[in-house]
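Grab a pencil and keep the viewer open.

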Amino acid sequence: MKRFGHHLKRLLTDNKPSQSQTGKLCRGFCQGSKVVSPNQDDFAMVSPRIKLRDGRHLAYLERGVPKDVAKYKIIIVHGFGSSKEMNFLAPQELIDELGIYLLQYDRAGYGESDPNPKRSLKSEALDIQELADQLDIGPQFYVIGVSMGSYATWSCLQYLPHRLAGLALIAPVINYKWPSLPKTLIREDYRRKLVQWARWFASHCPRLLHWWVTQKWLPSAAVIEKNPAFFNKSDIDILKTLPGFPMLTKDSLREQVVFDTLRHDWRVAFGKWEFDPLKLTNPFPHNTSSSVHIWQGYEDKVVPSQLQRFVSGKLPWIHYHEVPDGGHLIVYYRGLCEAILRALLLGQEYIAYRPNKSALFALNGVEDKGSCSREEDPTCRDHLTLPLHTPKD
């Protein structure tokens with residue numbers, strides 16, 4: 001125990017990684033997130049909800065053009081400590097031009113959605129499927145997962161490939177327990193050790209962990225948001241314009257409903273998975289208008305770009321995009337959401353986000369037969385586009 005405390009305190013106080021809840025409601029990560037008290041009769045629900053087969057409710061909001069006239073229907077999956085209120089900064093002009101319908105929802109236990117005590121990889125995918133069916137958005141749809149919301153998105157590739165029209169993962173988390181990750185690549189990664197500790201305590205000593213994360217000596221969320229061990233310069237600049245991480249404040253974490261939601265989400269994301277993502281097969285082998293994408297910041301300090309490059313190299317049917325000066329919060333960078341939508345829906349690649357393929361293939365022991373190096377090709381930093389796939393008619 002002393003060893004755990006020593007290392008965790010050092011990680012947090014030495015610039016290493018680690019909602020104020022008012023009344024019954026608290027805001028969350030980066031854009032208006034909230035976790036609702038179990039006593040939901042104390043206030044009126046403000047968002048529409050569906051009732052799932054198991055009796056739980058999922059809250060959602062709809063954006064964009066009406067779904068009955070939309071050409072593209074997209075479900076957005078929020079990340080850790082966030083909610084359906086997160087800003088997906090797609091330009092309204094692009095939404096209207098392409099006919100995009102956006103469906104954002106609170107994952108189990110977040111916002112106005114009921115907790116799922118049986119949360120699993122598969123249940124996250126089935127929640128998405130039932131939401132789509134009850135709202136009649138059609139037999140196929142697009143899914144975009146952000147950060148820790150990516151584990152639900154990977155689950156869609158495993159359990160719902162027939163329902164997908166396309167899929168994108170933005171700064172997706174890496175589970176160090178994936179069996180196909182080489183030990184040599186992750187052995188010395190301090191993030192792996194921190195995840196292991198947190199997962200063990202979340203599973204075996206939740207009360208102790210709850211006490212631990214509310215101790216006064218731990219740095220506040222405001223301090224963490226300025227920590228260069230967590231965020232690069234671009235991320236820190238973004239955080240100056242956003243509410244930050246109020247769900248991770250000590251006041252919020254003292255609320256059992258907040259702590260339990262975060263703990264269960266963490267356990268599923270970083271626990272043992274029922275499948276290995278690196279063994280997945282292309283869900284669109286004969287469909288040139290559908291595709292899968294990963295978007296990663298080169299300077300991401302939460303999920304190393306080196307690991308993301310390895311994953312993409314093992315799954316060559318995934319289109320990998322890398323933001324040169326991007327950290328973990330690239331979804332909030334100016335112009336990124338437009339680039340993500342154009343790549344996913346129209347098959348347009350911004351050359352500025354094309355990775356150096358030599359490094360990408362080197363991690364997987366494959367010779368590169370024609371890479372584009374940003375250092376050698378001056379056009380790689382221009383906002384030029386290239387076709388990735390045939391857009392949907």
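**Exercise 1.** Work out why strand β5 is largely enclosed by the rest of the structure.

*Solution.* Start with the span: β5 covers residues 72-77, a strand being a DSSP run of E with at least two residues, numbered from the N terminus. Next, check burial, meaning under 20% relative accessible area with a 1.4 Å probe, protein chains only. 6 of the 6 residues pass, so β5 is largely enclosed by the rest of the structure. Then look at both faces: Tyr-72, Ile-74 and Ile-76 point one way, Lys-73, Ile-75 and Val-77 the other, and all are buried.

A word on the source: this is a predicted model, where local features need pLDDT of at least 70 and side-chain atom pairs count only at pLDDT 80 or more, while totals for chains, interfaces and linings use all residues. Residues are numbered from 1 along each chain as its sequence is written, and side-chain values use heavy atoms, with hydrogens and water left out.

**Exercise 2.** Find the strands that pair with β5 (pairing takes at least two DSSP bridges).

*Solution.* Take β6 (residues 100-105): it runs parallel to β5 over 6 bridges, and Ile-75 sits opposite Leu-103 there. Now take β7 (residues 141-146), also parallel to β5, with 4 bridges; here Ile-74 faces Tyr-142.

**Exercise 3.** Which residues touch the most other members of the largest nonpolar core?

*Solution.* A nonpolar core is a set of buried Ala, Val, Leu, Ile, Met, Phe, Trp, Tyr and Cys residues joined through side-chain atoms within 4.5 Å. Of the 56 residues in this one, pick Trp-154 and Val-311. A second, separate core has 42 residues, including Tyr-142 and Val-323.

Conventions
Buried < 20%, exposed > 50% of the residue type's maximum accessible area, 1.4 Å probe, protein only. Pairing = 2+ DSSP bridges.
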